[in-house]
Each structure stands twice: as structure tokens, then as C-alpha cells.
Amino acid sequence: MPDRMRPTVDCARRLTLRGLIGEDADYAGADPEIAVGEPALDSRSARAGDVFFALAGAKADGLAYARDAIGRGAVAVVAEAERPAWLDPAISYVRVGNARRAVAVAAARAFPRQPETIAAVTGTSGKTSVAAFTRQLWQGLGHASASLGTLGVVAPSGAVYGALTTPDPIELHRTLHALAVEGVTHLCLEASSHGLDQHRLDGVRLKAGGFTNLSRDHLDYHPTMEAYLDAKMRLFRDLVPRGGGAAVWVDTVEGSHVAQVAAEHELNVLGIGAAGAGIALLARTDEGLGQRVEVEVGGVRHALKLPLVGAFQASNALVAAGLAMLTGASAREVLPRLEALTGVPGRLELVGTKNGAGVFVDYAHKPDALANALDALRPYASGRLIVVFGCGGDRDRGKRPIMGTIAAEKADIVIITDDNPRGEDPATIRAAILASAPDATEIGDRAEAIAAAVTMAGPGDVVLIAGKGHETGQIIGDRTLPFSDRDVAVELFGR
């Protein structure tokens, strides 16, 4: 996170090297009692007295940057490898078994303050909405609340900064400390599979964890779907302490598995969704740009009107309600407040109408999310359902034909365009999608594709612009160019 986007925070806690890293380390090549400053992961950010953590990555070994960190004032290096022969004997070298976990724990010690109540939510889709909804529910209950994730940090002051689903552990703990200093007592954060697998959330003092769903995603990182689920399970196996809460959408095989594992680890499991669950969704009907739901909690039925579009948003809202209930609120306090929720930018966001057609922007960039978004909008299309989407480059290639099939089956008109091609040939990405959607129209330029969809739409039609949601840039090659699906669509409304 650039310095200009960081929250104001008082100085990190001053510790000895041993106090920062702990006892589970090899100090044979170090002076464990030297005074140290903050942990550092980026050698360019190292300052006098800091401790540089050298992580072994897929593309580079952090030890290659240790000289730079030392040159900037770092007094110690922490890594998993043996001490390099070139390292100055005056520099302390600490060897650990898991450097990723070590830096997260060190960050928690350097920045010790955290909001009193922290919940984390994981799952393929819905994390951003659940985090935002939980923040809104807590806020309605009178708590100073914040959320952290894909949309950045949303604080009570109205400040929004950052934009990573799960920040690196040093930035994460710096942010937690700053929020606590600001007076935030309740925080809901997104827990990505990458963040969980890389121990970025270790050291966060959680009260509860939430689970939404699991579908194909990130198979460019995880070797299998089983490994993907296992990474998410760390939230319930390792991070939420015994006696903590687990709010789990149980209407799937994966959700039932999560609930079972959470129970085995002595968490207080609140199942959500199925009849007989702790929060049972008994009925749901679309109504206008919202929906009516009937839920049952503790034998008591509640009829609610949610100002949200789509069945999946009902499930997200109920998972958020579960997190609020597991962190001290009653169903009687929480459920009525669901009727006042506001949607999240870029999540089935109605950005306006053109010629009687509604135009929606959604972040759906994975198969299940695209299917859910199209299913959610179908009831509102008395005419045609038109979708514009593409797939990102340098990411899971296997999902491209799957998403093409989904679009062809669920939409009436499909326009394939570029998403964030990154380092790949955009035409190659589009061809992989078109292979399973042969009747789709191909328009590479995203702005032109959006214009084509909005221009052709008429009364009763619905346009879905999928894939980028809230994003304000398009990654082409090694550059990020300004681009907003929402802004492009809104500009068309005035024509």
C-alpha cells in the first residue's frame, strides 16, 4: 500500500529481536537481545533498525534483496535457508521453519492493537458483500465498525484506502493497529485462499469466521479444487480459536464439510440456509429490485424484505447476520436490520437505464459468479438478457470455455470482449471463450463492446457488464490503464 494511502498510525512497538520473532527460531547466528524496529518484506521500505524477512517466492528468493535491506539500515535477516556465506557477521541472522508465518506473527507483535471483535469471511464468491453487510449490521447496532478487503478499508470516518482482498501481513497488522487507535471496535475482513495459504492472517485475533460457497477459481495457484478448499479450511482449523464462531452456508456439499470440520475444532457452528439450520431460509421471492425472504431462527419465523437483487445476495446477507449473531447480537436485533442493507459497488449494481433497459455492473469473473448473476437478473428481463464479459490473462485458462458455455446457456445475447489481458494475447483469450459460445459476438475493445450492448438494448431488456465490477483500471501488458465499466455505461446514458 503506498504511504499516501496508509492510515495514520502511531509508532510500532519497540522490541528485542527475540521479542519480535519469539522462541520458535534458531538464534545461533544472531544477537536475540538487540533492539529492533519494524518487520519489513520489501527491501525498499526497510529503515534503520528494521528486521528483513526474506521469503522464498515462486519467481524470486527474498534473500536476493537482503543486501539492499541491510544497506537501508536493516539490522537482522530472517529466512528459512541456511545463513548465506556473504552475509556480514555483524548482521543478525535468524533461521525459522516457516518464514511466512514468522513475519505475520512478528507484525502482530510490532503492531499489537487490534479491534476487539474481528470476523473473517472466506469462500469463492460473496466475501466482499458479506464483509460490507456485517459492517453495516454492526454499525446499526451502535458499534464503530469497519470492513477490509477487495474494496479496501472502509472505516467509520468514511475513509476508504487500499484494494487487496488480503493485504500482506505487515500492512494488515499496521492497518488493524491504526483502526484500533481510531476507535474501531468491530472489523470484518475478507480471507482469500491465497492469504490463508500464505499465512497472511496469522496473528489476527479472530472471534468468528464465515463461509459462503466454493466453486472453480484460482486453479492457476492451487493445483486442485481439493487444495483450494483445504486452503480456505485454515480459517476454521487454525485461525478461529476454540470456542469462536463459524457462520456457514450449509446448502452445499462443501458447506456441510466446512461445518463438520469447524465443529471438530470445537467452534460454535451456526449453520445457515437449509431447513433446520440455525438460520433457515424457508422461502424467497423476487420483488421489484429486491426480494422477500422468510427465515426461521430458534423456532421463530421472520418475514423480511431485502433491498438486494438475487438469491445469492440473500445468502450473503444471512451469513453476515450469522457473524453478527456469533459476535454478541441477538436474532431479534440483527434480522430487522437486514432490511436496511445497501449493496456493494460493482456487485449487481444498477448503474442506470437506457431506452427502458436496465444496465447492471457486476464483478463476476468466475464461472459460478457469472451463472449466479445471470440467474439473478433473468426475472427482471421481460425482453432479452444481454451479457458483456471476458476473462483475465495469466490466470486459470480452464474456466474460459466454462464461462462461455454459461453465458451461451443463460443469456440471449453474448458479447465477448477483453477483461484484463495482462501478458497474454487478448485474441487468444477471446477465442477460448468463443469456442463454447460460437453464436456470441466478438468485440475486443471493452468500451466498444459495452456501447454495443447498451445501444442495442430496448424496453424490457437487461444488460449485464460482468468481470470488473468496481475496478477503475484495465491491465494490458505491464500497464494499468484507466477504465471503469460503470463510467463507460453512465456516459452512454446521456447520448
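The following dialogue works through how several residues of this predicted model come to be described as they are.

Student: Where is His-199 found, and why is His-199 called buried?

Tutor: His-199 is found in the loop between helix H6 (193-197) and strand E13 (208-211). Its relative accessibility is 14%, and because buried means under 20% relative accessible area, His-199 counts as buried.

Student: What makes the pairing of His-199 with Asn-98 a polar contact?

Tutor: The side chains of His-199 and Asn-98 make this contact at 3.2 Å, and since the definition asks for a pair of N or O atoms within 3.5 Å, one able to donate a hydrogen and the other to accept it, the pair qualifies as a polar contact. The side chain of His-199 is also joined to that of Asp-202 by a polar contact, here of 3.1 Å. Leaving aside residues up to four places away in sequence, His-199 touches Asn-98, Arg-100, Arg-101, Ala-104 and Arg-234.

Student: Why is the meeting of Glu-23 and Arg-18 called a salt bridge?

Tutor: The N to O distance between their side chains is 3.4 Å, and a salt bridge requires a side-chain nitrogen of Lys or Arg within 4 Å of a carboxyl oxygen of Asp or Glu, so the pair of Glu-23 and Arg-18 is counted as one.

Student: How do you know whether Glu-23 and Arg-18 are exposed or partly exposed?

Tutor: Glu-23 has a relative accessible area of 60%, and because exposed means over 50%, Glu-23 is exposed. Arg-18, with 26%, falls between the 20% and 50% limits, and is therefore partly exposed.

Student: How many salt bridges does the structure hold, and which residues do shared partners join into one network?

Tutor: The structure holds 27 salt bridges, and salt bridges with shared partners link Glu-38, Arg-47, Glu-171 and Arg-174 into one network.

Conventions
Residues numbered from 1 in each chain as written. Predicted model: local features only at pLDDT ≥ 70, side-chain atom pairs only at ≥ 80, totals over all residues. Heavy atoms only, no water. Helix = DSSP H or I, 4+ residues; strand = E, 2+ residues; numbered from the N terminus. Buried < 20%, exposed > 50% of the residue type's maximum accessible area, 1.4 Å probe, protein only. Contact = heavy atoms within 4.5 Å.
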